[in-house]
Amino acid sequence: MTTDHPDQEQHRDQEQHRDQDQDQEQHQGQQHQHQGQHREQPQHRNHVRDQHQGQDPHQHREQRRFHLPSGSAARGAYAVDIDPGRAGWDRSALRVLELGPGGVHTLVTGESEWIVLPLAGACTVRIAGETFELRGRESVFSGVSDFAYLPRDAHAQIASGAGGRFALAGAKCERRLPARYGPAPEVPVELRGSGTCSRQVNNFAAADTFDCDRLIAVEVLTPGGNWSSYPPHKHDEHVPGEECELEEIYYFEVRDGGLGYHRVSPSRDGGTDVLAEVRGGDVVLIPDGWHGPSIAPPGRTLYYLNVMAGPGEERAWLIRDHPDHRWIRDTWPDEPIDARLPLYTAHPSPGPEVTP
């Protein structure tokens with residue numbers, strides 16, 4: 001299990017108890033929080049409550065467990081803190097660190113490898129006598145970011161002169177690889193799909209682009225009105241040469257606010273079943289199941305960060321499409337890629353200056 005910052009350790013048992021045994025109280029607190037952040041949210045929450053009346057309460061409880069609205073996964077210094085124990089699986093982790101101007105945070109990596117990825121702002125990362133100056137970016141919608149890889153069994157310091165928001169994508173691992181800097185111009189930017197299935201994928205830590213022990217992480221940007229993570233696909237069992245087993249986290253942001261939708265449908269009896277209205281800062285956990293589509297509303301670009309890890313000896317991203325939807329791939333060669341893409345290339349404008 002990953003090791004928390006010291007100011008979080010004293011709350012772990014209490015938080016886990018609330019997560020497991022006071023689910024209803026937490027859901028009510030999430031309703032109030034979203035009402036304060038989004039004026040249209042009370043109507044939405046009433047709709048969801050009405051929609052679930054008469055349904056199996058266990059099904060409603062499971063949806064809340066896998067869809068974590070903004071703020072509901074906060075803990076200590078982190079706006080989002082999902083570790084394997086909290087997610088109920090073995091490897092994948094995600095933290096979102098928010099630092100004010102001059103803020104400094106110490107990270108104990110524990111049994112996990114981590115990538116520090118600026119979502120907004122710049123930072124300095126220091127580890128074992130090395131210093132990585134991350135120029136970052138204004139936002140996830142403005143450009144590709146540089147990043148820093150941190151090995152397991154290490155102490156690191158993250159500092160930001162102007163403040164910012166930083167994703168820590170992690171995976172419990174076995175090998176201890178060297179700390180490294182990932183330059184933004186070397187991040188492969190892929191345009192995937194076509195027509196209304198067009199999206200942009202920033203493959204900063206894909207299985208074939210950056211060396212990690214277990215961690216796989218990419219960013220996806222979907223222009224308004226398009227579907228991504230489509231056709232629905234899965235990676236929840238080991239089928240040599242066809243599919244690998246990966247736990248996955250989706251972290252969402254929506255340009256200029258608003259909402260999107262994300263679907264996870266069961267691939268087995270009793271499997272994960274989620275239809276979530278997602279907003280900035282929301283998280284969806286995918287231990288199994290067909291996931292997709294992710295739907296961007298008209299006029300709003302949808303962003304998500306994918307964090308994955310699994311038990312297989314080979315670090316790979318092998319998926320199987322849902323048999324009822326795989327035909328959509330056959331239509332892509334006949335349609336042009338959305339002209340709005342790429343939103344930006346791997347050569348972003350300079351980020352803010354870094355102040356140690």
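User: Which residues does Arg65 touch, not counting those up to four places away in sequence?
Analyst: This is a predicted model. In it, Arg65 touches Ala87, Gly88 and Leu285.

User: Where is Arg65 found?
Analyst: Arg65 is in helix α5, which covers residues 57-66.

User: New topic. How many aromatic pairs does the structure hold?
Analyst: There are 8 aromatic pairs. One of them is Trp227 with Tyr230, an edge-to-face pair with 5.1 Å centre to centre and 90° between the planes.

User: What about Tyr250 and Tyr304, how are their rings arranged?
Analyst: That pair is tilted, with 4.8 Å centre to centre and 35° between the planes. It links distant parts of the chain: Tyr250 belongs to strand β16 and Tyr304 to strand β21, 54 residues apart.

User: Are Tyr250 and Tyr304 buried or exposed?
Analyst: Tyr250 is buried, at 2% relative accessible area. Tyr304 is buried as well, also at 2%.

User: Which residues form an aromatic cluster?
Analyst: Phe147, Tyr149, Phe204 and Phe210 form one.

User: What lies over the face of Tyr149?
Analyst: Arg180 does, at 4.5 Å from the ring centre.

User: And over the face of Trp290, which residue lies there?
Analyst: Lys234 lies there, at 5.6 Å from the ring centre.

Notes
Residues are numbered from 1 along each chain as its sequence is written. This is a predicted model: local features need pLDDT of at least 70, side-chain atom pairs count only at pLDDT 80 or more; totals for chains, interfaces and linings use all residues. Side-chain values use heavy atoms; hydrogens and water are left out. Helices (H or I, at least four residues) and strands (E, at least two) are DSSP runs, numbered from the N terminus. Contact means heavy atoms within 4.5 Å. Rings of Phe, Tyr and Trp (its six-membered ring) pair if their centres lie within 6.5 Å; planes under 30 degrees apart count as stacked, over 60 as edge-to-face and the rest as tilted. Buried means under 20% relative accessible area, exposed over 50%, partly exposed in between (1.4 Å probe, protein chains only). A charge sits over a ring if NZ of Lys or CZ of Arg is within 6 Å of the ring centre and within 35 degrees of the ring normal.
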